[in-house]
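Walk me through this structure. Begin with the whole and end with single residues.

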Amino acid sequence: MVTNPNAGPDVSVARGVVARFEKQYAVYRRKKQVTMALFGGVFALCVITALITTKFSLWTLVEGIPRASEFLARMLPPIRLGTFGQDFSAWYWGAGEWFNSLLNTLLMAYLATILGTLIGGAISFFAARNLAHNYLVYWIARRVLEIARTVPDIVWALLFVFAFGIGPVAGVLAITTHTLGAQGKLFAEVNENISPLPLDGIRASGGNWFHEMRFGVLPQVLPNYLSYTFWRFELNVRSATIVGFVGAGGIGHDLFTAVQLLYFADVGAILLIIVATIMAIDMLSEKIRHSAIGKASFSH
Amino acid sequence: MTSQLIEITEADIAEERARNPGAFAAPLRERMKAWMAWVAATALTLFCLHRFGFLSGDFLHGVAKFGDTVISQMFPPTGYESLGMFLKAIGETVAMALLGTLLGAVVALPLSFLAAKNMTRSRPIQFGTRRGADLLRSFDYLIWALIFVRAVGLGPLAGIMAIAIVEIGTFIKLYSEAIENLDRKQIDGVTSLGGNGMHRIWFGVLPQVLPMMLSNTLYMFEHNVRSASILGIVGAGGIGFLLGDRLRAYELREACLIIILVVLTVYAIDYLSKFLREQLIGDHKRREPIDDAVQV
């Protein structure tokens, strides 16, 4: 057998390596397949259990489709082009009241964003690992924030309605509570991520504590604070549209009443107001966010 | 080599200030603008406080009542004899979240390809799908639940549908963004080997986006357990139904127990979901866009 004395040993080594690779790859693949099968099996089991628990029936769903489409059809009353003005004003017969509720909704979201951000921002300094010196205070601050944001805002609304009666005050307080929990957590993370270098620089050039905070900390955290606050306002407008379901003010109250009384056309009109508002707020907020923060770069 | 600190005098500073005023302070107009924004925000806040009656005696009365009656009547929580019923309702809540999220993901997956700029050539279709998704997302779960309770009746089905509808919107957005960010080269590779459209998606697109999609879907499931826990307040099944019932009947101690159970469940699901994400995808850190898309 003629072999190339130089290539011979190399080929056999390479063959060995390839064989070893193939073997290990097969083992790896088998392992992965078993894991995936296991996950898949558990997942399928979960889905089946869920289907049984909720008594999910496709039939009820199919049965509901004509009812839902009838619902939808009745939400949009006939609007003819010839008598557009009349038809439209008949549809929006409650416009005055609804727009007043809408204004309340927006103001509720605004006030709750401001109050929640102020309180949450204050707590965030105690909930930031690098700024809190007392572990007990840190722990309490973290738990307070956690409870405030884990209990859903609609539950807070139900509780506040007991004490403050039906109306926007309960709604504002409910959204404020949720906001302070969420903002406190996010702000604490921002506080933990600041770079100490600018502070060192300011101290080295003779700045005092106030200078450190004003020129070292604030420029680092403010863009993120502002960005989170605008974003939170968007979310709070959504919340403010639903706290009215339990009597905590805003346009949700009108929507809830209309659904309960089966005033379909009103439901359609109010939903249209809500969706237009939310889309407008999202766009506006994005614009403001970009113009307010575009100049300062994000710190992380 | 020795270095020497240069003595800076007030005159030097003044000279530098004259040469480069922007380095010392923002222009007056900019500062005025910032001040105006702060003043306007404060004025609007005060107006809101006044409008909603925060500045009246009624508010202080409410605060006292909240402390005296509401908080003191919540503790200690009771109702342990109905624990079995509560746990069953919590199981129903988690099941609603699971099915709603799954249904939303299954419907959204094909639609997200339509909504991705790099997959759909027709701008109107791509743009329309995106806006449709925005429309579905812009109503809160509770609004959809309220409507579906009317359409399919009281019970978990209405809750599942409410979650599924919102999730179709969210997943179309998240999935299509993931698809838009993928690496074109792998798809070109499949094309150059003669693969058709199905092959391109199966071998070129899905391996790249699937980990991200799975992670997002798990995260939304986690989020939806929270949402599902309140849908019952408008009659859409789950633990929220019992919670709303107890709160409206002023059974605050039992309501407190339910709230504690819900919070514990949410924590448990959070940990499970985090564990699964790490196991399945090695996703140690939560990805940024998802946190922007949903409420914390």
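Residues are numbered from 1 along each chain as its sequence is written, while chains are lettered from A and ligands numbered from 1 in the order in which they are written. The model scores ipTM 0.77 and pTM 0.79.

Take the domains next. Their bounds come from an automatic or database domain assignment. Chain A splits into domain 1 (11-58) and domain 2 (97-293). The C-alpha centres of these two domains of chain A are 43 Å apart. Chain B splits into domain 1 (25-59) and domain 2 (83-293). Here the C-alpha centres are 38 Å apart.

Now the fold of chain B. It has twelve helices and zero strands. Helices (H or I, at least four residues) and strands (E, at least two) are DSSP runs, numbered from the N terminus. The radius of gyration of chain B is 27 Å, well over the 19 Å that the globule rule gives for 296 residues, so chain B is more spread out than a compact globule. That radius is taken over C-alpha atoms, and the rule is 2.2 Å times the number of residues to the power 0.38. Along the principal axes, the C-alpha atoms of chain B fill a box of roughly 80 × 75 × 45 Å.

Of the 296 residues of chain B, 38% count as buried. A residue is buried if 20 or more other C-beta atoms lie within 10 Å of its own, exposed if 12 or fewer, and partly exposed in between, with C-beta atoms placed from the backbone. Two residues are in contact if their C-beta atoms, placed from the backbone, lie within 7 Å. Among contacts in chain B between residues at least 6 apart in sequence, 72% join residues at least 24 apart.

How far can chain B be trusted? Its average pLDDT is 83, and 93% of the residues score at least 70. pLDDT is the predictor's confidence in each residue, from 0 to 100. Where pLDDT is low, the predicted coordinates should not be read in detail.

Turn to where the chains meet. The contact takes 47 residues from chain B and 46 residues from chain A. On the side of chain B, α4(B) gives the largest share, seven residues. That side divides into 32 nonpolar, eight polar and seven charged residues. Ala, Val, Leu, Ile, Met, Phe, Trp, Tyr, Cys and Pro count as nonpolar, Asp, Glu, Lys and Arg as charged, and the others, Gly among them, as polar.

In chain A, look at helix α6 (residues 153-164). Eleven of the twelve residues of α6(A) are buried, so the helix is largely enclosed by the rest of the structure. Among them are Trp156(A), Phe160(A) and Phe164(A). Just after α6(A), Gly165(A) takes a positive phi of about 80°.

Finish on Tyr271(B), in helix α11 (residues 252-281) of chain B. Tyr271(B) has 11 C-beta neighbours inside 10 Å and therefore counts as exposed. Its C-alpha atom is 9.3 Å from that of Glu222(B), 49 residues apart along the chain.

Key:
Predicted model: local features only at pLDDT ≥ 70, side-chain atom pairs only at ≥ 80, totals over all residues. Expected span 1.5 Å × (residues − 1).
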